[in-house]
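I opened my notebook to look up a few things in this structure. Have a look along with me.

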Amino acid sequence: MLLPFRFENNTFWLLDQRKLPFEEVWVPCQTARAAAAGIREMVVRGAPAIGVTAAYGMVLAHLSGEDLAEAEALLRQSRPTAVNLFYALDRMRPHWGDLEASLQEAQAIWDEVRKTEQAISQHGARVLRGRVLTHCNTGPLATGGYGTALGAIVEAYRQGRVTHVWVDETRPYLQGARLTAYELQKAGVPATLITDNMAAYLMGRGQVDAVIVGTDRMALNGDFANKIGTYGLAILARYHGIPFYPALPLSSVDPSLEQGDQIPIEERPAQEVTFIRGQPIAPEGFPAAHPGFDVTPHHLITGIVTEKGVLYPPFDEALRAALGKE
């Protein structure tokens, strides 16, 4: 299985996802500051993987003698949208000052990611069929486990339910082209790369049977943030009568948020739009916007794939029940 990190000899190694699929380069992190930089600079990305990295970042803070409060603050500031980051740090806090307990908790968080995503993959596979379209990257590289949406796709293919995958390029950072295509190729799943603006064309020709995407944060009503471009896919799927599913661990649900307009949206550097792999593609100095995520309203969702099964409307009631908040 492809993994985005490993912990060896008091060092947390990150597979540099900015260099994939052309190079496999491992970046060593021996401090929480280094782990925070890895998250912020997208050496590691994907909500579950960010959470695991943050947990091990606190282990590194113990090992390196960093001030624990300062280390946690750095990690909390590294990416504002993915709720798994804060969930992991909240779980690590009771173990401050105890290296062994911190290491055990970080390992427990990673183990739970694997177990949870195995269940998500099984449940998600049951609702997929035919030709499936996905956006961004939601496989093992994004999670450290089996993957969420991509885990469901691979499992559905193994069961003979999915026949082909349409892979959105995912501009401007190209996670689909660089990472999802790489993972599907290694898994032996038939797939075709498309630019993001081809989705409507394929749907209009009846060549998409389902859409499944990942989730960085979900509000209690089912509104959710995911990589920019997801909202547009949801609108297209609704117009064409295509089932649309977000897949996520319940730890990605933020119980403090009632609806999606409360989710903070990260604004990424303009250079990620005006440059591709260091090469300019726009006039020098031309301004560019890059919100890293958008919010899809719950009324565009067919069902929510979680480790406890597929949840259906009314989503506020279903999510509260799944979280034990009835």
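Here are my entries, one topic at a time.

**Ground rules.** I am reading a predicted model, where local features need pLDDT of at least 70, side-chain atom pairs count only at pLDDT 80 or more, and totals for chains, interfaces and linings use all residues. Residues are numbered from 1 along each chain as its sequence is written, and side-chain values use heavy atoms, with hydrogens and water left out.

**Entry 1: two packed helices.** I looked up how helix H1 (residues 32-40) meets helix H2 (residues 47-64), and found an angle of about 160° with the axes 8 Å apart. Helices here are DSSP runs of H or I with at least four residues, and strands are runs of E with at least two, numbered from the N terminus. Axes are lines fitted to C-alpha atoms over the stretch in contact, and angles run from 0 to 180 degrees between N-to-C directions. H1 and H2 are therefore roughly antiparallel (angles over 145 degrees). On the H1 side I noted Ala32, Ala35 and Ile39 in the contact (heavy atoms within 4.5 Å).

**Entry 2: helix H7.** Is H7 enclosed or open? I found it largely enclosed by the rest of the structure, because 8 of its 10 residues (149-158) are buried, meaning under 20% relative accessible area with a 1.4 Å probe, protein chains only. The cover over these buried residues includes helix H5 (99-125) and strand E4 (130-134). Just after H7, I saw that Gly160 takes a positive phi of about 80°.

**Entry 3: Ser102.** I found Ser102 in helix H5, and Ser102 counts as buried at 1% relative accessibility. Leaving out residues up to four places away in sequence, Ser102 touches Val59, His62, Met92 and His95.

Definitions and conventions. Buried means under 20% relative accessible area, exposed over 50%, partly exposed in between (1.4 Å probe, protein chains only). Angles under 35 degrees count as roughly parallel, over 145 as roughly antiparallel, 65 to 115 as roughly perpendicular and the rest as oblique.
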